[in-house]
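Let's take a walk through this protein together. Have a look at the picture first, and then we'll go through it piece by piece.

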Amino acid sequence: MLVKLLTVDLLIPGSSSLKEKRFVLKSLKERLRGRFNVSVAEVDFQDKWQRTMIAVAIVGSDRESVDGTCSQVRRFIEGDHRVEVSDALEEFR
C-alpha cells in the first residue's frame, strides 16, 4: 500500500468573505472526492478570506496508479477558474 500526500496552497481571488471562500472550497473538495475517490481536507489558513491550504491523500497499491491520480488531481485543481495554485508539494508517506 502506498500513500501520497498532495498539499496545495490556494488563492481564491474572487472571495470577499469566509462564507464565499467556504462555498468555493466545499464545491472543490466534493468534486475531488467524487471524481478521484481521494480524501481532502483544509489544513491551514481557515481564517483567511482569499487563501487556503488543502491536503489530498491518495492511496493505492502501486506507484504508477498513485502518481497518475496525483497528476490528474493537480491538473483538475489548476483548471478550476475560481482558484489559483500558489504552491504545491507532493510526498509519499
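**A buried aspartate, a helix and a core**

Asp9 is buried (under 20% relative accessible area, with a 1.4 Å probe and protein chains only), at a relative accessible area of 7%. You'll find Asp9 in strand E1; strands are DSSP runs of E with at least two residues, helices runs of H or I with at least four, both numbered from the N terminus. This is a predicted model, where local features need pLDDT of at least 70, side-chain atom pairs count only at pLDDT 80 or more, and totals for chains, interfaces and linings use all residues. Residues are numbered from 1 along each chain as its sequence is written, and side-chain values use heavy atoms, leaving out hydrogens and water.

Now for helix H1 (18-36). Its buried residues are Lys21, Val24, Leu25, Leu28, Lys29, Leu32 and Phe36. Looking down the axis of H1, these fall within an arc of 130° (taken from the directions from the helix axis to the C-beta atoms), so they line one face of the helix. They pack against E1, strand E2 (39-44), E3 and H2. Just after H1, Asn37 takes a positive phi of about 55°.

Of its 21 residues, Leu32, Val38, Ile54, Val56, Val73 and Ile77 touch the most other members. Strand E1 (2-11), helix H1, strand E3 (51-60) and helix H2 (63-78) each give two or more residues to this core. Leaving aside neighbours within four places in sequence, Ile54 is in contact (heavy atoms within 4.5 Å) with residues including Leu6, Leu25, Leu32 and Ile77.

Definitions and conventions. A nonpolar core is a set of buried Ala, Val, Leu, Ile, Met, Phe, Trp, Tyr and Cys residues joined through side-chain atoms within 4.5 Å. Buried means under 20% relative accessible area, exposed over 50%, partly exposed in between (1.4 Å probe, protein chains only).
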